[in-house]
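Me: Hi! I have a model open and would like to talk it through with you. Could you look at it with me?

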Amino acid sequence: MEDIKKNCEERMKKTINALKDEFSSLRTGRASPALLDKIRVDYYGQKSPLNQVASVSVQDSRTIVIQPWDKALLPEIEKAIQKSELGINPSNDGKVIRIVVPPLTEERRKELVKNAKASAEQSRVGIRNIRRDSIEEIKKKKDSGLSEDALKKLEDELQKLTDNYISQINKILEEKEKEIMEV
């Protein structure tokens, strides 16, 4: 039965990590290298992550600087950023690419918060589904001689685990909301 609980907790951790990854690529008004994590650049016929073909750093709170290891990649990187759904314009000076992250409009911030809340809700539903699946798995094994008290205790432990992970999701969402609404 411990393996069911352990498996349940592992799956819940993965759900939390997936939410954090999703939130890291949500554009806020602040420059962050994580904004560019999903961008792939055509590198000698191979789609490679941007951070594997260039150094990505933050110059100040609104500027990201990308310095490719191979200068021939500058146009490719520029194209990849323009094609992305980030809505940011890179400027290429022949050596590095600078991205000035424009401040978000009030309307766009509200839209991002709405998207963040939807993602958080999906994660909460995922956590609850993991709990449900684990409880069903326990009930299937109930026939193997598990007492009613032991079953109830295990269900209570899974509920505590669920409550803990849902509160983590709420905390992550609250932090992201604050970050997005910051002017």
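Me: Which residue in β6 stands opposite V65?
Reply: R98 stands opposite V65. This is a predicted model, where local features need pLDDT of at least 70, side-chain atom pairs count only at pLDDT 80 or more, and totals for chains, interfaces and linings use all residues. Residues are numbered from 1 along each chain as its sequence is written, and side-chain values use heavy atoms, with hydrogens and water left out.

Me: How many bridges join β4 to β6?
Reply: There are 4 bridges between strand β4 (residues 63-68) and strand β6 (residues 97-100), and the two run antiparallel. Strands pair here if DSSP finds at least two bridges between them. Strands (E, at least two residues) and helices (H or I, at least four) are DSSP runs, numbered from the N terminus.

Me: What is the strand order in that sheet?
Reply: The open sheet has 4 strands in the order β3-β4-β6-β5, with antiparallel pairing. At the edges are β3 (54-60) and β5 (90-92), each pairing on one side only. From one strand to the next, the twist averages 25 degrees.

Me: Which helix packs on the sheet?
Reply: Helix α2 (residues 74-83) does, touching β3, β4, β5 and β6. Touching, or contact, means heavy atoms within 4.5 Å. The direction of α2 makes about 165 degrees with that of β5. Axes are lines fitted to C-alpha atoms, for helices over the stretch in contact, and angles run from 0 to 180 degrees between N-to-C directions.

Me: Zooming out, what pattern does the protein follow along the sequence?
Reply: It reads α-β-β-β-β-α-β-β-α-α, with 4 helices and 6 strands.

Me: Is it spread out or compact as a whole?
Reply: The protein is more spread out than a compact globule, because its radius of gyration is 22 Å, well over the 16 Å that the globule rule gives for 183 residues. That radius is taken over C-alpha atoms, and the rule is 2.2 Å times the number of residues to the power 0.38. Along the principal axes, the C-alpha atoms fill a box of roughly 70 × 40 × 20 Å.

Me: OK, cores next. Which residues have the most contacts inside the largest nonpolar core?
Reply: M12 and F23 do, in a core of 26 residues. A nonpolar core is a set of buried Ala, Val, Leu, Ile, Met, Phe, Trp, Tyr and Cys residues joined through side-chain atoms within 4.5 Å. Buried means under 20% relative accessible area, exposed over 50%, and partly exposed in between, with a 1.4 Å probe and protein chains only.

Me: Which helices supply that core?
Reply: α1 (2-24), α3 (106-141) and α4 each supply at least two residues, and α4 gives the most, with 10 residues. A second, separate core has 20 residues, including L50 and I66.

Me: What does M12 touch?
Reply: Leaving out residues up to four places away in sequence, M12 touches I127, I130, R131, L161, T162 and Y165.

Me: And L151, buried or exposed?
Reply: L151 counts as buried, because its relative accessibility is 5%. L151 lies in helix α4 (residues 148-181).
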